[in-house]
Amino acid sequence: MAVLGLSTAFSPPRGSWIAVRLRNGATGRSGGGLSLRRSAAAAVAVRAEVSFVDGDEAKRLVAEEGYTVLDVRDRRQYERAHVRASAHVPLYIENEDNDIGTIIKRQAHNNFAGLFYGLSFTKLNRDFTKTVRSKFSPESKLLVVCQEGLRSTAAADALEREGFQNLACITSGLQTLKPGTFETVGKAELQNAGKAGLVTIQGKISIVLGTVLITLLLLITVFPDQAEQIFESAGIKL
């Protein structure tokens, strides 16, 4: 097998490298230049790199270049907010296995990450590429998105290995988008769809506690006698 690497530049937004593999009797000879002899059954494989874009470019790809948004987040994040008319094929799915090891891990997860951050206990979706191929052809233009940019990068890499040629991802994910970049569906803002659990009310709790403390300080400073009486009635001595 001979491998010929070619560097090429396509029209924006893509820049790609192509690997051409010659099989079944392909040979290379040197002497004044490189020559390649192919047999009739020579196979050619082309692999294109994934483009990484910001929110504005992502919006342009969808509006002008005909890209379809492929959302690979889990079900909960997708339901909180997603781009209208996007396709949803999660890279990770909820893990409902009931073996003892999984049960222990799920309980530990739910008591921390699930409680504080609202994160689902998930496992890799083994049918991810199969499901995408059932919905789209390898020539389809896909803007692969997730919340932070990690899952979309992994998903795009898997699709690239399956022969998809027109792939783009948003650098650092949907969390970086400006409000109103895309028309969305859901109760949350798209950039905040990854936030859930107790952390979403932490700021509100801090505001309430801060207000209470400031009020107490003003009461003690401005009305010390009345403050002393209030505290004494509550069994607190200053």
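Ala85 lies in the loop between strand 7 (82-83) and strand 8, where helices (H or I, at least four residues) and strands (E, at least two) are DSSP runs numbered from the N terminus. The phi of Ala85 is positive, about 70 degrees, although Ala85 is not a glycine. With 75% relative accessibility, Ala85 counts as exposed; the classes are buried for under 20% relative accessible area, exposed for over 50%, and partly exposed in between, with a 1.4 Å probe and protein chains only.

The model is predicted: local features need pLDDT of at least 70, side-chain atom pairs count only at pLDDT 80 or more, and totals for chains, interfaces and linings use all residues. Residues are numbered from 1 along each chain as its sequence is written, and side-chain values use heavy atoms, with hydrogens and water left out.

Five strands form an open sheet in the order 5-12-11-6-8, with parallel pairing; two strands pair if DSSP finds at least two bridges between them. Strand 5 and strand 8 (87-88) are the edge strands, each pairing on one side only. Helix 1 packs on this sheet and touches strand 5, strand 6, strand 11 and strand 12, contact being heavy atoms within 4.5 Å. The direction of helix 1 makes about 115 degrees with that of strand 5; axes are lines fitted to C-alpha atoms, for helices over the stretch in contact, and angles run from 0 to 180 degrees between N-to-C directions.

Now to strand 11 (residues 141-145). Four of its five residues are buried, so strand 11 is largely enclosed by the rest of the structure. Strand 6 (residues 68-71) runs parallel to strand 11 and is joined to it by four bridges, with Val69 opposite Leu143. Strand 12 (residues 166-170) also pairs with strand 11 in the parallel sense, over four bridges. Here Leu143 stands opposite Ala168, and Val144 has Cys169 as its bridge partner. Strand 11, helix 5 (residues 150-161) and strand 12 make a right-handed β-α-β unit: with the strands pointing away from the viewer, the path from the first strand over the helix to the second runs clockwise.

Helix 1 (residues 55-64) has Gly55, Ala58 and Leu61 buried. These residues cover an arc of only 120 degrees around the axis, which puts them on the same side of helix 1; the arc is that of the directions from the helix axis to the C-beta atoms. An α-helix has 3.6 residues a turn, so residues three or four places apart point the same way. The cover over the buried residues of helix 1 includes strand 5 (51-53), strand 11 and strand 12. Ala63 and Glu64, on the other side of helix 1, are exposed. At the N-terminal end, Asp54 caps helix 1, with a side-chain oxygen 3.3 Å from the backbone nitrogen of Asp56. Just after helix 1, Gly66 takes a positive phi of about 80 degrees.

Two further residues remain. Gln77, in helix 2 (residues 75-80), is buried, with a relative accessible area of 3%. Its side chain is joined to that of Arg151 by a polar contact of 2.9 Å; such a contact is a pair of N or O atoms within 3.5 Å, and within protein one must be able to donate a hydrogen and the other to accept it, while residues adjacent in sequence count only if both atoms are side-chain atoms. Ser172 is in the loop between strand 12 and strand 13 (184-185). Ser172 has a positive phi of about 65 degrees although it is not a glycine, and is partly exposed at a relative accessible area of 37%.
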